[in-house]
Amino acid sequence: MSLPSISIITPSYNQGHYLEQTIESVLSQGYPKLEYMIIDGGSTDNSVKIIKKYEKHLAFWISEKDKGQSDAINKGLQKATGEVVNWLNSDDYYQPDTLQKVGVAFMNPETLIVSGQGRVFDDSGSTRHYTKGVDVYGDNLAKTIGWARMDQPETFFRHDVIRHIGLLDTRLHYLMDRDWWIKYLFSYGLNGIVQIPDVLVNFRLHQNSKTVSQNAAFQVEHDSFFYALANQFGFTDEKELIEKCFSVKKDFQIQIVDNYSAELVKHALQYYLLFRADESYAAFSNGKARLLLSTINHQLLTDTERGLLRKLKLRTTEPFATFLSLIRKLRSA
């Protein structure tokens, strides 16, 4: 078996101060079957000048106004011919040999997703922490969906999967990658996922990055996804609860790829509500946590999550909750 071809897309807009490092990190991989594209949103800084410097090494590039990051990436995906695809934002960069490690993992034809680790750093170059691609909870598909988390830069998809689940949803500007991940789980289950221990990418946090400047909007899109899931499958109680507790886009609808199991959707929603209840408790929102916990069907959870459910119910019960909140606030002061 030979290494697969890999298509990498870099969407960019006025990121000239980071762009060259990104480009060089891709081209210096020396990967023998690389297709690299840059989709620029009509930058007014020095981005185009930098792109032209490397254009002989690019399969395609364009600089024109687009409808946002998802639209820009889709332009690249529509031209991509590689067996494996991913995008690399113009303020991030790859580790040496990233594509080689990914390509080797995809030599197994049954591999559909390869997920590694990422190094998160700030503009001073200091490492903040490391990420691990995707979370997979044993053989618990419902929990993996309900607690869905994905770090896109270090998570590569087989192109045939993307052809099946579709391009990025351009209505999403923050969690279009998590939308892909959840659609994958509903369509393929936990099959074909390979996690490798290698650090593949360096993810930059800076003042203008969406992760830093627009964090609240990420949560709105996350809650809106599960709100739409409950709404489209007729789980009225869960839908109304999510709407009551969180900010959601009420008109948002998920693009359903396959005949999703309503039972799996129901199970996944229980895990989602438990996860958000735990987050609400951690944020000292005991009333919201109690409301979320009150609707969870413990019979749809595993023993471990039932334990968490019992613990949270106890810790959010008055007056115990008041006492715990006081202690926690004093410790965090």
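**Exercise 1. Determine in which sense strands S5 and S9 pair, and over how many bridges.**

Solution. The model is predicted: local features need pLDDT of at least 70, side-chain atom pairs count only at pLDDT 80 or more, and totals for chains, interfaces and linings use all residues. Residues are numbered from 1 along each chain as its sequence is written, and side-chain values use heavy atoms, with hydrogens and water left out.

Step 1. Locate the strands, which are DSSP runs (E, at least two residues; helices are H or I, at least four), numbered from the N terminus. S5 covers residues 93–94 and S9 covers residues 193–205.

Step 2. Apply the pairing criterion, that DSSP finds at least two bridges between the strands. S5 and S9 are antiparallel, with two bridges; Tyr 93 stands opposite Asn 202 in S9.

Step 3. Turn to strand S6 (residues 113–122), which runs parallel to S9 and is joined to S9 by nine bridges. Here Val 114 faces Val 194 of S9.

**Exercise 2. Identify the residues that touch the most other members of the largest nonpolar core.**

Solution. Step 1. Define the core: buried Ala, Val, Leu, Ile, Met, Phe, Trp, Tyr and Cys residues joined through side-chain atoms within 4.5 Å. Buried means under 20% relative accessible area, exposed over 50%, and partly exposed in between (1.4 Å probe, protein chains only).

Step 1. The core has 65 residues, and Phe 157, Trp 181, Tyr 184 and Leu 274 touch the most other members. Helix H11 (residues 262–282) gives the largest share of this core, 10 residues. Apart from this core lies another, of 25 residues, including Ile 6 and Phe 156.

Step 2. Examine Phe 157, with contact taken as heavy atoms within 4.5 Å. Beyond its neighbours within four places in sequence, its contacts include Val 85, Phe 106, Trp 180 and Tyr 184.

**Exercise 3. State which helices each supply at least two residues of the lining of the largest cavity.**

Solution. Step 1. The helices are H7 (176–188) and H9 (215–232).

Step 1. The lining comprises Leu 172, Leu 175, Arg 178, Asp 179, Ile 182, Glu 221, His 222 and Phe 225.

How values were computed:
1 Å grid on protein atoms, 1.4 Å probe; cavity = no way out; pocket = protein on both sides within 12 Å on 5 of 7 lines; lining within 4 Å.
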